There are 2 protein chains.
Amino acid sequence: MQSSGSSRPNATEQAYQAIRKNILTGKLEEGERLTETRLSDDLGLSRTPIREAIGRLVLEGFIERQSGYTTRVAHFPEDEAEQIYEIRRLMECYSVQRAARLATEEDIAELRRINAAMKADTPPRDEAANQRLTEANEAFHRAIVAAARSPRLTALMTTALDVSMVVRTYSMYSEKDLMRSLNHHAEIIDAIEARAPKWAASVMSAHLLAGASRVAARMQHSKSVADQ
Amino acid sequence: MQSSGSSRPNATEQAYQAIRKNILTGKLEEGERLTETRLSDDLGLSRTPIREAIGRLVLEGFIERQSGYTTRVAHFPEDEAEQIYEIRRLMECYSVQRAARLATEEDIAELRRINAAMKADTPPRDEAANQRLTEANEAFHRAIVAAARSPRLTALMTTALDVSMVVRTYSMYSEKDLMRSLNHHAEIIDAIEARAPKWAASVMSAHLLAGASRVAARMQHSKSVADQ
DNA sequence: CTGTTTTATTTCGCATACAAAATAGGCGTC
DNA sequence: GACGCCTATTTTGTATGCGAAATAAAACAG
């Protein structure tokens, strides 16, 4: 069982993660022009993995090819987070409906396992626990999509969920929010097990709208703080 | 004004289109193992553009990386087309709602222009006209997404719409279907212009459900023929 | 000084070379 | 005859070189 921990990631993955992180943290500013050679120098990698990483980031919408040889960090609109949550809501409600029809016993067991792990970390004692919670939450949503048995959906959600990290910065759960999330997860699993697609979809919808609302509040807060 | 016609596509694009086409037409069978060298030899290109094309196709779900050095043509489920239409329906209904709020006069003019071009080709006299219709239809849907002003959505729909070519094989419009499609398009534009998101979304929903139904019928037909 | 053309430099796309990792095949053992 | 181990081959990941295209800079005209 190879842990998800990073023993030695290959250069392409390393480049992808690094560039992405630098975009999300603002080290690479919006609209900034990128050149393969500079990134290659900065990251200490050759151009090949850089190229591959850029290609992926372009497809995911983090980077824009302008014309010919000009490549820029994409511009992120104000309501980016809101949009992502809405798109995720649409796709995940569909996923969970399929999952309710198609999930196997193993899928359901996996979901329960993830949720149990999250419960064990609640409330989170330290930063590490928080990190684990975030990852487990993502794993939960991925597992739902996987249970939907739709490669197409999986492909789309891969980018959509990856993208949702944009939002992650803002999402430090309060204990109340966290409990609600766990209850949502548990109810979703129950609905899947009961083979009740609409029930599952409704809870999922609530789950993501709650998340969107939480994020919106945070952003509002951080904005009003910044304005002073 | 450089026409969308292919004067001289670069090698990566060429590789992408070729591999994709070979997958969709079945020349590369589902589950077949792919090696960069073989594709490189077959297409007469070096490995670099092949690699890039493969990376893209993996992200879009046409190709699967299994473990280590094994890469296979993905397996497409029976109801692939149905799933694609459903996913498109969800995303495009959302798009068109945003478009109804955010579209500029230019966006709307562009939509009308595309629809007029389609009308001019109706009924299609020859295969070229049919081809133009297919492309214009795709352009219409892309224009809607563009008018929604959501880079994230654009990124996701790029792959989703590209993917919809899977379905294209089956979609030879009858004149009745084509007229209905054009009317749907026209009504969608009107709804956008009237700034009526829900109206627009409803028509779009009908539009795509009609399309899904048409495709389902064709598949049923071609299947029953094949069974004999 | 502004706008345009010409030249120089940068940047990318593609080909190729090499090393590390994975697969496949052959061998011996149980 | 089936299974595991070791070796040979294949395949990928990464680095690098070169030509073409695009961008930036300089020269020039108005």
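This is a predicted model: local features need pLDDT of at least 70, side-chain atom pairs count only at pLDDT 80 or more; totals for chains, interfaces and linings use all residues.

Me: How many salt bridges does the rule find across the interface of chain B and chain A?

Reply: Across the interface of chain B and chain A, the rule gives a count of 6.

Me: Which helix of chain B gives the most residues to the side that touches chain A?

Reply: Helix 3 (47–60), helix 4 (80–102) and helix 7 (151–163) of chain B each supply at least two residues to that side. The top contribution is 9 residues, and it comes from helix 4.

Me: How many charged residues are on the side of chain B that touches chain A?

Reply: In contact with chain A are 30 residues of chain B. Sorted by class, that side has 15 nonpolar residues, 5 polar ones and, as charged residues, 10.

Me: How much area do chain B and chain A bury between them?

Reply: The contact involves 30 residues of chain A and 30 of chain B. Carbon and sulfur atoms account for 61% of the buried area, and the total is about 2600 Å².

Me: Is Glu82(A) buried or exposed?

Reply: Glu82(A) lies in helix 4 of chain A, which covers residues 80–102. The cut-off for exposed is over 50% relative accessible area. Glu82(A) has 56% relative accessibility, so the residue counts as exposed.

Me: How far apart in space are Glu82(A) and Gly211(A)?

Reply: In sequence, Glu82(A) and Gly211(A) are 129 residues apart. From C-alpha to C-alpha, their separation in space is 9.7 Å.

Me: Is His185(B) buried or exposed?

Reply: His185(B) is found in helix 9 of chain B, residues 175–193. Leaving out residues up to four places away in sequence, His185(B) touches Asn115(B), Met118(B), Asn137(B), Phe140(B), His141(B) and His207(B). Buried means under 20% relative accessible area. The relative accessibility of His185(B) is 0%, so His185(B) counts as buried.

Me: What distance does helix 6 of chain B reach from its first C-alpha to its last?

Reply: Helix 6 of chain B spans residues 127–147, which is 21 residues. At 1.5 Å a residue, 30 Å is expected, and the helix comes close to that with a reach of 30 Å.

Key:
Residues are numbered from 1 along each chain as its sequence is written. Chains are lettered from A and ligands numbered from 1 in the order in which they are written. Side-chain values use heavy atoms; hydrogens and water are left out. Contact means heavy atoms within 4.5 Å. Buried area is the accessible area (1.4 Å probe) that two parts lose on being put together, summed over both. A salt bridge is a side-chain nitrogen of Lys or Arg within 4 Å of a carboxyl oxygen of Asp or Glu. Helices (H or I, at least four residues) and strands (E, at least two) are DSSP runs, numbered from the N terminus. Ala, Val, Leu, Ile, Met, Phe, Trp, Tyr, Cys and Pro count as nonpolar, Asp, Glu, Lys and Arg as charged, and the others, Gly among them, as polar. The expected span of a helix is 1.5 Å times one less than its number of residues. Buried means under 20% relative accessible area, exposed over 50%, partly exposed in between (1.4 Å probe, protein chains only).
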